[in-house]
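Please keep the sequence and the coordinates at hand while reading.

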Amino acid sequence: MKKFLAALLVISVVLLTVSTSCKQKEEGTVKIGAIFAVTGGASFLGAPEARTVEMVVDEINAAGGINGKQIELIIKDSAANPEKAISFTKQLIEEDKVVAIIGPSTSGETMQIKDLCESYKVPLVAAAAAEAIVDPVAGYVFKTPQKDSYVAKWIFKTMQSMGIKRIGVVAANSGFGNAGKGQLEKYAPDFGIEILIAETYDRAATDLTALLTKLKAQNIDAVVNWSIVPAQSIVPKNMKQLGMDIPLFQSHGFGNIKYVEAAGEAAEGIIFPAGRLLIAEKLPDEHPQKENLMAYKSAYESKFGEDVSTFGGHAYDAIMLIVEAIKKADSLERTDIRDALESISGFPGTGGIFTFSPSDHNGLGMDSLEMLTVKNGQFDFLKGE
Amino acid sequence: MSVEQVLQYIFAGITVGSIYAFVAIGYNIIYNATGIINFAQGEFVMLGGMIAYTFSGLMPLLPAVVLAVLITSAVGSVIESVFIRRMRKTSVLGMIVVTIGISILLREAALYIWDEQIRALRFFTGSEISSVNIFGARISPQVLWILGITTIIVAGLFLFFKFTLTGQAMRACSENLRAAKLCGIRTDSMVNLSFMLSAGIGALGGCVVSPLTQTHYAMGTDLAIKGFIVAILGGLGNAIAAVAAGLLLGLIESFSISILPMAYKDVISIIILLIILVVKPSGIFGSRQASSMKDY
């Protein structure tokens, strides 16, 4: 009986594989791969990204697809694990034969597959932030989030205007945190700002009062925290509890209203640079990004019943750029798509206006970011300081 | 270092230590009754915080916390009667693997029921920005809640195990399951009770720490590891020693941050664990004779 059951299992698995692989051989579709951290520690990035991309692809397919062909989207959940990202990349390229890949969600994963995509000559549009993804430039690797260095420069520029000279830096011990800390340390001297103390903490840290006590003992004018959740909401809470009344700056990773909710009243006054998606309603109507931002925001929010985050926006830009490139190239050859991507210019996305060039695979300028703050539990422009 | 700073580090250490202790107490209760290390303990903490957050939108905080504790206890009871009871014949090691499986199950279920977002329960008193000044050191009022509830739980457990018939029966089960059965103790219900108790305590912990640490569906794993270190450090099977060990580890971590970069914090706690395991395998507060009677 057991043997029979085992045999039955094997047969059904084989049949299932055959039937699914038959489905994949459907002619005339455009196969696009996506790797996102839908579950795991970075799921707050990957989940909205995956939802966004699915939504966009459904819309495009309903409207007739690209150049008359339907898009077949293959999403892989890497759970923010670089090893999984590597094997999924190989699988997408070799087995699924995708024309391009979007994602991964985190910088650490993206750095692991950068060379892989380059050697297989598959266009990759990453939704991860670290500058190292496009610096040095790899021919096939692009990214949609704004560069870390812009973020660091915006923070320092704002500090200059506020008369802040000495700061403390805390960053999560992750690819994103370490890259950000590096950028801050690199550009601080240019703006005449002195970093008195720089520390990294475990990315899953639950209480940082001890670390902030150490910072408090230094004579600093402001704190910069560069991390993703949960620390982004813990640092402001812990600072208030310790009675540290100096300004807190955060990275563009703070771009989700949920973090403001999690930090509650402690979030008031946090200053951070971000794309304009978060304040789309407050933009003047003539702003070139407004229409796009509002379209994505209302579609996402009505479909999923949750607030948009800049992360979903990065994935939105990634898929839209690929679609634009395929339309432009009018070809499904990976090299043609790459060339078309590189020649995209003045393309309005949620992160800014993209203009790629052979030396710039991020395509965004300093003006893609806006300094924001939290006022009455809402994001708002930082003005008059 | 000034007095205020020393105090500040002490408070930071105690806060973190109490969180570890909550998890370690749960390990010990189940270990005592069954000899199993339940690696789903961190998930009980997560469930407590998540359920309380959901209910806190519908009702005041106190009933929300009570409901969260009751529901999580029920989950603990179901886990015991569905999985653990049916696998009595499996080796202890096999059972531990089962608990790891359960922890994954609970984590995925939480991801399905809620989502990947972080949540924070509102503060029991005050808000995110209120702080209490104690001799120049400033702490959140929530820290006082954490300390108070830890103390109450420890005292309650001590009295329960020492003086109540049920508590004594549970201890008897841990000494020798068969002998306990021969004495007329209903060992099945005792084991079930131990799961309910540790799930409930974990959930209560999850509720009190949530305003500070926030709750996230995947938070259980890290807590389980730290709680396990603390349980070993104190000597397995001793809930009160676990609290002492938790506070000790919290303080060591906190003061290590004052001297070394914070990146070394976990290295230090692991080194301490290794030293203790080499020098005194039964834990700081464990007795050598007692540990030689145990399976591992």
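Chain A is divided into domain 1 (30–146 + 294–365) and domain 2 (148–274), with bounds that come from an automatic or database domain assignment. This is a predicted model, in which local features need pLDDT of at least 70 and side-chain atom pairs count only at pLDDT 80 or more, whereas totals for chains, interfaces and linings use all residues. Residues are numbered from 1 along each chain as its sequence is written, while chains are lettered from A and ligands numbered from 1 in the order in which they are written.

The C-alpha centres of domain 1 and domain 2 of chain A lie 28 Å apart. To their contact, domain 1 of chain A contributes 14 residues and domain 2 of chain A contributes 17 residues; two residues are in contact if their C-beta atoms, placed from the backbone, lie within 7 Å. On the side of domain 1 of chain A that touches domain 2 of chain A, the largest share, three residues, comes from helix 4 (residues 107–120) of chain A. Helices (H or I, at least four residues) and strands (E, at least two) are DSSP runs, numbered from the N terminus. That side of domain 1 of chain A holds six nonpolar, six polar and two charged residues. Here Ala, Val, Leu, Ile, Met, Phe, Trp, Tyr, Cys and Pro count as nonpolar, Asp, Glu, Lys and Arg as charged, and the others, Gly among them, as polar.

Chain B contains twelve helices and two strands, in the order α-α-α-α-β-β-α-α-α-α-α-α-α-α from the N terminus on. Its C-alpha trace spans about 60 × 50 × 35 Å along the principal axes. Of the 296 residues of chain B, 50% count as buried (20 or more other C-beta atoms within 10 Å of the residue's own, with C-beta atoms placed from the backbone). Among contacts in chain B between residues at least 6 apart in sequence, 75% join residues at least 24 apart. Within chain B, 14 of the 16 residues of helix 2 are buried, so this helix is largely enclosed by the rest of the structure.

The two chains also meet: 35 residues of chain A and 36 residues of chain B take part in the contact. Helix 2 (43–62), strand 7 (194–201), helix 7 (209–217), helix 8 (231–241) and helix 9 (257–263) of chain A each supply at least two residues of the side that touches chain B. The largest share of this side, six residues, comes from helix 7 of chain A. By class, the side of chain A that touches chain B has 14 nonpolar, 13 polar and eight charged residues.

Conventions
Buried ≥ 20, exposed ≤ 12 C-beta atoms within 10 Å, placed from the backbone.
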